[in-house]
Amino acid sequence: MASSASAAAVAAEVDSNKLQLAKGNNNDDDEHENGGQKMIHPVVSDLESYVGDLTGGGGDDDDASEDISLEGLEQELQECKHDQVVANILSKGTKLREYTKGVESNVRQVELESIEDYIKESDNLVSLHDQIRDCDIILSQMETLLSGFQAEIGSISSDIKILQEKSMDMGLKLKNRKVAESKLAKFVEDIIVPPRMIDIIVDGEVNDEYLRSLEILSKKLDFVKVDPMVKTSKALKDVQPELERLRQKAVSKVFDFMVQKLYALRKPKTNIQILQQSVLLKYKYIISFLKEHGKEIYVEIRAAYIDTMNKVLSAHFRAYIQALEKLQLDIATSSDLIGVEARSSSLFSRGREPLKNRSAVFALGERINILKEIDEPALIPHIAEASSKKYPYEVLFRSLHKLLMDTATSEYLFCDDFFGEESIFNDIFAGPFTVIDEHFNSILPNCFDAIGLMLMIRIIHQHQLIMSRRRIPCLDSYLDKVNIALWPRFKMVFDMHLNSLRNANVRSLWEDDVHPHYVMRRYAEFTASLIHLNVEYGDGQLELNLERLRMAVDDLLIKLSKTFSKAKLQTVFLINNYDMTISVLKEAGPEGGKIQLYFEDLLKNNTAVFVEELLLEHFSDLIKFVKTRASEDSKAVSEKPISVAEIEPLVKDFASRWKAAIELMHTDVIKSFSNFLCGMEILRAALTQLLLYYTRLLDCIKEIPGGSALNKDLVSIPSIMYEIKKYSRTF
């Protein structure tokens with residue numbers, strides 16, 4: 001048995017080697033075909049020795065040798081000569097039989113050991129076999145059970161799918177039913193007429209609950225009108241007649257209620273604004289209801305309100321205007337003009353103060369305060385009348401328009417809130433506007449107060465700004481109309497003043513007095529007033545008119561000055577008037593503009609003329625000598641040199657009376673000029689000019705041969721300077 005196993009092992013190994021040798025032989029055959037000769041590996045000789053061993057009888061086991069056939073072995077060895085395994089076996093030099101026996105012995109030993117191990121583990125193997133069998137039974141049962149579960153789960157999955165489909169179908173049906181229910185519920189709620197609502201509308205009083213019932217009724221009426229589904233429903237046939245009867249009843253009831261409230265507005269001493277805000281606005285939904293469901297009744301109520309408020313406000317404004325007229329102070333008449341003579345023309349002329357004392361006609365004065373009080377409350381006539389105080393018309397004008405603005409603002413906002421219409425305002429105020437226009441048209445043609453007219457123009461401008469800040473446009477056209485009416489009237493009165501200057505009678509206006517003329521004072525005050533009122537507005541047209549007025553008064557003043565016989569008096573008259581005009585213009589503002597600059601230039605020129613005339617009156621010989629003989633031009637032209645004898649009388653004359661002459665000049669200036677400061681400025685200018693003349697005289701003396709002989713009679717410059725400073729300290 002061992003030998004057969006060994007033989008089998010050897011045969012297996014040999015077969016493996018044969019395959020590799022065969023591959024090698026194939027390679028050798030290829031080489032032989034190519035004509036190449038290869039030497040046979042030396043291992044062939046060893047193979048032959050091994051073959052000899054196998055074929056020889058040197059073995060102990062003849063039976064084994066008889067079982068092995070060696071036929072063809074040499075050929076196989078030739079084929080396997082390149083096999084690495086076979087070469088390794090042959091290189092060890094071990095006999096094949098011995099190697100085979102060793103292998104068989106090892107195999108047997110392993111077999112015996114395996115049998116012993118198996119016998120030792122036989123109980124465990126039996127137990128393992130039993131356990132495997134039991135597990136196989138259990139697993140078979142589990143397989144059967146799980147197969148049943150799988151079948152049941154498949155059935156349940158099918159049932160769940162069916163249930164899911166049913167659930168989705170039921171959910172969709174439920175959703176549709178809810179939608180249908182909500183629509184049906186809303187339909188029922190909108191179309192049904194609650195008994196409580198019927199009782200309130202038919203028998204209830206008009207109050208907050210009644211207004212809520214009106215809102216519900218309005219929704220139901222809109223519902224049956226707008227919704228197309230309702231028109232096809234049978235319920236509408238039952239409900240619509242009831243809704244119509246309720247609408248008619250509600251419209252009739254609220255009409256009576258609103259008419260009653262509107263009549264309350266006509267009661268004397270009713271505070272209209274309080275009634276509007278606390279009562280009418282509370283029920284403004286009634287107007288919305290009537291607009292939508294009782295158009296004819298709404299038109300009647302709207303017309304009734306317009307008629308009521310038109311009459312009430314017209315009566316209020318008429319009464320207020322009549323009360324204001326009692327407070328009016330007349331400022332000017334058609335004869336109160338700048339160039340009109342101040343004296344009364346006859347014994348039958350109306351007794352009043354002379355115009356030159358009535359400064360309010362031309363001077364702005366405290367009348368400017370009306371622009372600072374532009375937003376003050378309107379006058380209360382009976383309080384003002386109790387104090388026996390009279391007011392210029394611009395005060396009454398501001399008060400009237402302040403009342404108009406406040407009333408119009410309140411009414412405009414109320415109409416917009418209550419009726420939702422702004423256009424209703426014009427219908428309401430048509431009457432009040434007519435009343436105010438009638439009053440204004442009666443006042444304006446008889447108004448000759450140019451200052452008052454300009455104040456009214458500025459008041460209207462301020463009122464326009466106030467209404468703009470309030471964002472209430474309802475008075476825009478009216479205020480524009482008043483402004484348009486005021487400007488032509490102002491221009492006409494202004495032209496009357498202008499023509500009074502152009503056509504003035506110089507003889508009747510002339511007074512033998514060099515002090516400022518009352519016509520010039522009127523002009524100065526009038527011009528200063530208009531300049532002051534134009535400071536913040538910069539009206540170019542007004543500035544052009546003032547320039548025309550300046551030219552006219554300038555011409556008149558020159559004519560008046562020429563009526564004086566002496567040139568000195570003419571100059572003094574002009575200086576006094578120019579100085580007074582400049583002073584008045586400066587009071588109007590820090591900058592008098594072109595007009596002030598014009599008069600300042602005239603004052604400067606005439607002052608220079610007067611200084612020369614004053615010095616010539618007291619120092620004529622000195623001045624003539626300096627101008628004719630002491631100047632550079634006169635020296636060049638003159639052939640006769642200046643001598644001591646020629647100049648000595650001048651020096652002695654000046655030294656003997658210069659102080660007395662200065663005192664006379666001072667007295668003359670004090671008497672001639674009404675403005676002390678202006679007179680002192682002129683005196684100082686005259687003394688300064690005198691000093692210049694005398695300085696030129698001294699320079700001339702220094703150049704004369706023997707002029708030093710006159711030094712004892714000369715007045716020192718410091719002495720003259722001292723006198724000048726002495727008079728300068730007086731102001």
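Predicted model: local features only at pLDDT ≥ 70, side-chain atom pairs only at ≥ 80, totals over all residues.
Me: What percentage of the residues is buried?
Reply: Buried residues make up 40% of the chain, which has 731 residues.

Me: And the secondary structure, how many helices and strands?
Reply: The chain has 30 helices and two strands.

Me: Of the contacts with a separation of 6 or more, what share comes from residues 24 or more positions apart?
Reply: Those residues account for 81% of such contacts in the chain.

Me: Switching to one residue. Where does S410 lie?
Reply: S410 is in helix α17, which covers residues 393-418.

Me: Is S410 buried or exposed?
Reply: Buried: the relative accessible area of S410 is 15%, and the cut-off for buried is under 20%.

Me: Which residues does S410 touch, leaving aside neighbours within four places in sequence?
Reply: With those neighbours set aside, S410 is in contact with Q273 and Q276.

Me: Cysteines next. How many disulfides are there?
Reply: Zero disulfides in the structure.

Me: What about C678, buried or exposed?
Reply: C678 counts as buried because its relative accessibility is 9%.

Me: And why does C135 count as partly exposed?
Reply: Because its relative accessibility is 44%. Partly exposed is the class between the buried limit, under 20%, and the exposed limit, over 50%, so C135 at 44% belongs there.

Notes:
Residues numbered from 1 in each chain as written. Heavy atoms only, no water. Disulfide = S-S within 2.5 Å. Buried < 20%, exposed > 50% of the residue type's maximum accessible area, 1.4 Å probe, protein only. Helix = DSSP H or I, 4+ residues; strand = E, 2+ residues; numbered from the N terminus. Contact = heavy atoms within 4.5 Å.
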